[in-house]
Amino acid sequence: GTPYAVRAAQQSVTAADEALTAQRRSVWGAASVQLGVDFHDNTQSGYLPLVGLAIPLPLFNRNASGVAAAQAERDRARAELRLIELESQRDIARVTEARAIALQRVARDRTLLASANRVAAMSLTAYREGAAPLATVLQAQSNARDTLGQYILDVGAANTAAAALRLLTASTLHFP
């Protein structure tokens with residue numbers, strides 16, 4: 001549930017509430033007028049005009065079916081809103097945890113990167129002094145590059161999680 005989905009579900013609840021209010025207010029049914037002509041009457045010569053007026057009186061049925069349908073729609077909209085809110089809270093918790101884990105990895109990687117760079121520098125010094133072979137220097141520099149690559153990946157994961165968290169917790173929505 002993004003903030004947009006939550007906002008849309010809130011609008012659905014508002015619309016369902018307004019539809020229920022309208023159904024409760026529409027106690028009177030629609031009046032109707034019927035016009036016609038009867039020309040098959042043997043007792044009358046010519047055409048017999050007919051006029052009918054129907055005015056439904058809300059004595060026994062006060063639009064109960066319309067109100068019940070509107071209440072069911074409102075309840076469905078509320079349940080959908082609650083579901084989207086719960087999904088949103090779950091997503092926020094999941095992304096917050098992912099962000100915390102990524103930040104821990106970044107902190108760990110900083111320490112490892114500093115150590116790997118120190119080892120690479122010391123192996124280069126040892127090579128210059130003739131105390132270590134070239135293969136040791138190359139291996140130390142390769143390890144430092146691998147550690148730097150992992151650090152970059154973990155920084156990217158932390159930034160992605162932070163952006164996802166900002167998206168999920170956006171408080172101001174702009175609809176076109």
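I started at Asp 91, which counts as buried at 11% relative accessibility. The model I am reading is predicted.

**Asp 91 and its partner.** I looked for what Asp 91 meets. Its side chain and that of Arg 94 form a salt bridge, 3.8 Å from N to O. I placed both residues in helix α2, three residues apart, about one turn of the helix. I noted the general rule: an α-helix has 3.6 residues a turn, so residues three or four places apart point the same way.

**Arg 82 and Glu 85.** Glu 85 is partly exposed at 26% relative accessible area. Arg 82 is also partly exposed, at 43%.

**Between helices.** I turned to Asp 154 and Arg 108. Their salt bridge has its closest N and O atoms 3.7 Å apart. The pair links distant parts of the chain, with Asp 154 in helix α3 and Arg 108 in helix α2, 46 residues apart. Asp 154 is buried, with a relative accessible area of 6%. Arg 108 is partly exposed at 42%. I also found one network, in which salt bridges with shared partners join Glu 73, Arg 76 and Glu 80. My total for the structure is nine salt bridges.

**Helix α1.** I then went to residues 3-25. This helix has 23 residues and spans 33 Å from first C-alpha to last, close to the expected 33 Å. I listed its buried residues, among them Val 6, Ala 9, Val 13 and Leu 20. The buried residues of α1 pack against α2 (64-128) and α3 (134-168).

Terms used
Residues are numbered from 1 along each chain as its sequence is written. This is a predicted model: local features need pLDDT of at least 70, side-chain atom pairs count only at pLDDT 80 or more; totals for chains, interfaces and linings use all residues. Side-chain values use heavy atoms; hydrogens and water are left out. Helices (H or I, at least four residues) and strands (E, at least two) are DSSP runs, numbered from the N terminus. The expected span of a helix is 1.5 Å times one less than its number of residues. Buried means under 20% relative accessible area, exposed over 50%, partly exposed in between (1.4 Å probe, protein chains only). Contact means heavy atoms within 4.5 Å. A salt bridge is a side-chain nitrogen of Lys or Arg within 4 Å of a carboxyl oxygen of Asp or Glu.
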